[in-house]
Every structure is written in structure tokens, then in C-alpha cells.
Amino acid sequence: MDWLSTENVIAVLAIVVGIAGAFVPVLLERRVPRRKRIGYRRQMDTAIGDNVRTGDANARLGLFDEDPDMTDATLVLLRIENDGSLSIDVGDYTGLSPHGLTAVFENRTIRGVAVTLPPEADHLMEHFGPDTSLGYAEGRLRIPRVPLNRGEYYKLLVLLTGGPVDSGYTVIGGIQGGETHENHSAAPDEKPPVFSKLSQRVAIALSLVILGLAGLILLPDAVPLPSYCERGTLTLTGSTAFEQAADELADKYMKSCDGAKIEVKANGSRGGIRELAAMDAKSAESKEGTEGTEGEAGSPPVIAFSDGPRPSSYTQLSETRVAVSLFAVVLNDSVPIKNLSTTDVGRLFKGEIRNWNELPGGPDRPVVLVSRSSSSGTRITLQNRVLKGASEMQESSSDCLTKDMSASAPVIRCELDETQQVLDTVADTPGAIGYSELRQTTTLKKTHRLSLNGHAPSIDHIQSSGYPYREIEYAYTYGRPPANSLASSFLAYATRGKGQDVVHTHGHLPCQTPVGLRMCGEDQ
């Protein structure tokens with residue numbers, strides 16, 4: 001029978017799948033358990049000044065007309081809501097800062113904030129009191145960690161100056177086991193659409209099914225991939241501080257792009273750069289012969305991440321600035337000191353301070369220095385940014401317990417290969433001090449982070465605090481890889497769009513964000 005032909009069967013199945021595909025996302029978003037979501041939307045953005053720049057005129061009375069600072073004022077009504085299927089608790093907010101979310105208004109300055117709650121959510125007002133983390137600076141609004149039951153919401157009325165209405169904005173913050181996202185609803189003066197969103201989705205789905213069916217019949221073997229995808233093999237080496245972010249970036253890229261194979265081999269910033277610099281055109285050619293490897297123009301399929309810039313002699317390496325990374329000095333809890341000057345940190349790691357009682361508030365306990373190996377970018381950053389270019393004292397111990405390598409050394413100093421080894425050794429050794437990338441110090445035991453020069457390490461306040469133990473995270477390739485190569489595609493993915501979210505989740509500030517652009521340009 002003609003109606004049972006392959007084309008007709010495929011058409012019927014495709015239509016069924018298309019209709020189901022229009023409904024399933026809605027059900028998954030709203031009904032599937034264990035989804036935590038915070039949605040935000042801008043319900044109002046209106047000028048209350050005289051709008052001289054745009055030529056518009058508004059009638060103004062009272063303070064709106066008398067205060068000269070109100071000439072370009074705008075009011076924004078921001079709604080924050082739990083539109084997932086599970087309640088959100090205070091502990092569900094991720095990040096190291098006391099507040100949970102950050103609203104960023106581009107090109108505008110915040111002048112005041114008011115919190116409004118529906119009658120059934122009056123109990124939430126205690127989370128916005130004077131002793132909470134609610135606050136603002138320039139165009140950034142810090143929003144406290146507010147617990148929200150399913151469907152609960154609150155609104156923030158924000159008074160701003162310095163920019164036109166509808167300027168860009170975003171809300172930054174993570175939810176454990178969930179997401180923060182922008183949603184949309186009709187403003188009060190907008191007409192409702194003729195067709196519901198569900199009807200629109202069904203229509204779009206059916207249209208896509210028809211187009212897909214045509215493509216299926218004409219090109220049955222075609223497998224479309226995201227536009228940024230490239231095939232081939234790629235190795236990521238270098239910084240251990242960036243290893244976890246590199247792992248997740250590689251994993252998400254490979255899940256999106258069939259035919260891409262990315263391997264992470266973190267061996268320290270200096271080790272990764274040294275190995276990459278040694279890869280000349282001949283070594284690149286030796287990697288040819290497998291489909292999709294780079295090899296073109298003497299560019300091997302390798303990216304080396306580094307905490308800080310390459311040596312100036314490695315002119316064959318091409319750089320991409322990825323993020324600003326923060327690091328922390330950690331101290332065993334047997335020493336109750338919470339803050340040190342960079343001068344005292346330098347004296348400690350140069351062996352000039354032998355006992356903690358030589359510092360204010362320090363106990364009578366010998367100093368033990370737990371360091372990283374010479375190839376570590378975390379160590380190089382400490383020497384460059386904190387020790388002002390000075391080197392640490394010579395290694396005197398192989399076990400971090402005795403001076404078995406140099407009995408005459410002023411203090412015990414050992415070197416370890418991995419960050420976790422440093423953290424474990426500092427935790428188990430009274431009087432020990434060491435250092436680590438900031439992300440790995442979020443769950444310390446028997447150890448605490450030190451403030452430096454009175455500044456605590458914080459990715460959210462990195463620009464204003466002046467915290468010194470930080471460095472730009474660079475990505476290096478041997479020469480500039482071809483535009484259609486996996487290395488070039490992966491670098492673009494890591495520095496833009498979804499890749500930025502991954503980088504920020506791991507405690508780094510992406511260079512392509514507004515603050516990151518300034519920081520990555522300043523920290524040279």
C-alpha cells in the first residue's frame with residue numbers, strides 16, 4: 001500500500017515526535033522533580049528624568065524636578081522568583097560571597113533600592129534587613145541569600161542614573177543542582193499575544209519537523225552539529241589551578257560536538273609552556289596522519305594554560321587571555337593569625353621568620369613552609385605578586401617533618417607536586433603555611449585562609465579590594481592555529497558564551513565580562 005511507504009511512515013513518526021517535543025520541554029521544566037530554578041525578569045524600566053539626551057520631555061514635580069542628579073534618572077522593577085519545582089534554601093546558593101545573587105546594570109549607577117513583597121511573603125523581609133548582605137556599588141546590586149518556596153517571589157525597585165532605559169542588565173549567581181535564568185512576561189501595557197506560548201511552540205515545532213523531514217529525505221546521512229564545533233584531537237596541558245575548569249570545558253564541548261576528542265593533562269604552568277615551546281614544526285607534522293589533528297602551519301593540537309604570562313623568549317607562542325584567577329595563602333588552625341601583610345608573607349617564605357611568636361598574635365610554634373614545585377604557576381604567582389619577585393628559600397625537607405635535606409636551614413620547607421597534597425599537609429602539620437588556588441580552599445578542615453594586607457580573597461570584589469594574590473590565566477598555542485581547527489574553536493568556546501559560565505563556576509573571572517575586560521587589561 002502506497003500510504004505505508006517509507007517516506008509516509010517517516011513523516012507520521014516525525015510529526016508525532018514534533019508534537020511531543022513541543023509539550024515535553026514544558027512538562028520537564030515545570031513537573032520533573034529535583035529541579036531548582038531562580039528566574040528573574042525586568043518588569044519595568046522607565047525614565048523619570050527629563051530625558052534631555054533623547055529629546056523626550058516628561059512632566060516632573062517635587063524632588064524629581066529639584067534634584068539635579070535626577071535629570072537622567074530611571075526606575076527599574078526587577079522580579080526574582082522561584083519558578084522551579086523545588087524550594088530553595090539559603091545553602092543552595094553557590095559562590096564564596098555572603099550574598100547569593102548580583103544584579104549588574106550596564107552603564108548605569110544605582111542610587112537607591114526598595115524591596116517589595118507580596119502579602120503572603122512578608123516573612124522574607126528579615127532577609128533584607130540592615131545586617132544582611134543587601135547593598136550596592138556603582139552598577140552592581142548585591143542580593144542576599146533569600147530562601148524561596150516554589151512560586152514565591154520578591155521585587156526590587158531600583159533607582160538609577162547615568163544611562164538610558166533598556167540598557168543591558170543581567171543577574172549573576174549559581175544554584176546548587178539548578179540554574180539562574182532570565183524569563184519574560186508581558187508588561188502591564190503590552191497586549192497579550194493572539195496565540196499562547198504553547199500554541200506558538202507547537203506551530204514552531206511542526207514547522208521544524210516539516211523542514212527536518214525534507215532534509216531527512218534529501219540528506220538522510222547529514223548530522224548537524226552546533227556551528228562552533230570542529231572535529232579532531234586536542235590536548236590541554238599546563239596550570240593545575242585551571243585544571244578543574246579545563247576538565248568541565250572539555251567535557252561539555254565533547255558532549256556538544258561529535259568527533260572532538262579533548263584530553264586534559266595538567267602538569268603545571270611552567271611545565272606546560274616549556275613542552276609547548278619545544279614543539280617545532282617537525283613535532284607538529286609527527287602528529288599528522290590521524291583525521292582532524294591540527295598540524296597545519298606548524299601548529300600542534302595542544303593548548304597550554306598558564307597562571308601568568310610566558311617567558312619573553314618564547315615568541316613562537318600565541319596567547320589568549322581567558323580569566324583572572326585568585327589564589328589563597330592557607331594556615332594551620334594551630335596558628336590563630338587571620339591577616340598578614342605581604343611583607344610578612346615574604347619574610348616567612350624566605351626563611352627570615354622561624355617561629356610564629358615573632359609575629360603579633362602568633363603562638364610559640366616553629367614555622368613550617370609547604371610549597372609547590374618550581375613548575376607550579378601558583379608558586380610563580382606567589383613569588384611575582386606577593387613576594388615582589390623574590391624567591392622562596394631552598395628546600396630543606398623531603399617529608400615536611402624534618403630538615404633531612406639541609407640541617408642548617410632556618411626552617412622546614414618542603415615542595416609538593418599537587419595542590420591537594422599541599423592542603424592536606426598544611427592541615428596535618430601544626431605551624432604549617434602553604435598556598436593554593438582559591439577554588440580548592442572552599443571546604444578547608446583544620447586550616448583557614450589568610451587575608452593579605454587586610455583584603456580577603458573574593459572573586460566578586462576582586463576589582464575593588466586590591467587583593468594581591470591573583471593572576472591572569474593565559475591559554476597558549478604554538479603559533480596561531482587555523483580558524484577551522486579544534487584548538488581555535490575550543491578557545492572561542494572557553495572565552496565566550498557558555499564557556500564563560502563554566503569558568504566563573506570554578507572561581508575564575510572571565511576576561512570577556514565587563515569587569516574582566518578591565519582586570520585582564522590592568523594586570524599585565
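Student: Hi! Looking at the disulfide of Cys229 and Cys257, is it left-handed or right-handed, and why?
Tutor: Hi! In this predicted model, the torsion about the S-S bond of Cys229 and Cys257 is about -70°, so the disulfide is left-handed.

Student: And what does that pair tie together?
Tutor: Cys229 sits in the loop between helix H3 (197-218) and strand E10 (232-238), while Cys257 sits in the loop between helix H4 (243-256) and strand E11 (260-266), so the bond ties together parts that are 28 residues apart in sequence.

Student: How far apart are the sulfur atoms of Cys229 and Cys257?
Tutor: They are 1.8 Å apart.

Student: Is Cys229 buried or exposed? What about Cys257, buried or exposed?
Tutor: Cys229 has a relative accessible area of 11%, so with a cut-off of under 20% for buried, Cys229 counts as buried. Cys257 is buried as well, at 0% relative accessibility.

Student: Nice. How many disulfides does the structure hold?
Tutor: Three. Another of them joins Cys400 to Cys414, with an S to S distance of 1.9 Å.

Student: Which hand does the Cys400 and Cys414 disulfide have?
Tutor: That disulfide is right-handed, because the torsion about its S-S bond is about 100°. Cys400 lies in the loop between helix H8 (377-386) and strand E16 (412-416), and Cys414 lies in strand E16 itself, so this pair connects parts that are 14 residues apart in sequence.

Student: Are Cys400 and Cys414 buried or exposed?
Tutor: Both Cys400 and Cys414 are buried.

Student: Which cysteine is joined to Cys511?
Tutor: Cys520, at 1.9 Å from S to S. With -80° about the S-S bond, the Cys511 and Cys520 link is left-handed. Cys511 and Cys520 are both buried.

Student: What pattern do the disulfides follow along the chain?
Tutor: Counting bonded cysteines along the chain, the pattern is 1-2, 3-4, 5-6.

Student: Changing topic to the open sheet of four strands: what order do they come in?
Tutor: The order is E5-E6-E3-E8, and the pairing is antiparallel. Strand E5 (135-137) and strand E8 (169-172) are the edge strands, each pairing on one side only.

Student: By how much are neighbouring strands of this sheet turned against each other?
Tutor: By 15° on average, with direction ignored.

Student: How many bridges are there between E3 and E6?
Tutor: Four: strand E3 (residues 101-105) pairs with strand E6 (residues 140-143) in the antiparallel sense.

Student: And which residue in E6 stands opposite Ala103?
Tutor: Leu141 is the residue opposite Ala103.

Terms used. Residues numbered from 1 in each chain as written. Predicted model: local features only at pLDDT ≥ 70, side-chain atom pairs only at ≥ 80, totals over all residues. Heavy atoms only, no water. Disulfide = S-S within 2.5 Å. Helix = DSSP H or I, 4+ residues; strand = E, 2+ residues; numbered from the N terminus. Buried < 20%, exposed > 50% of the residue type's maximum accessible area, 1.4 Å probe, protein only. Pairing = 2+ DSSP bridges. Axes fitted to C-alpha atoms, helices over the stretch in contact; angles between N-to-C directions.
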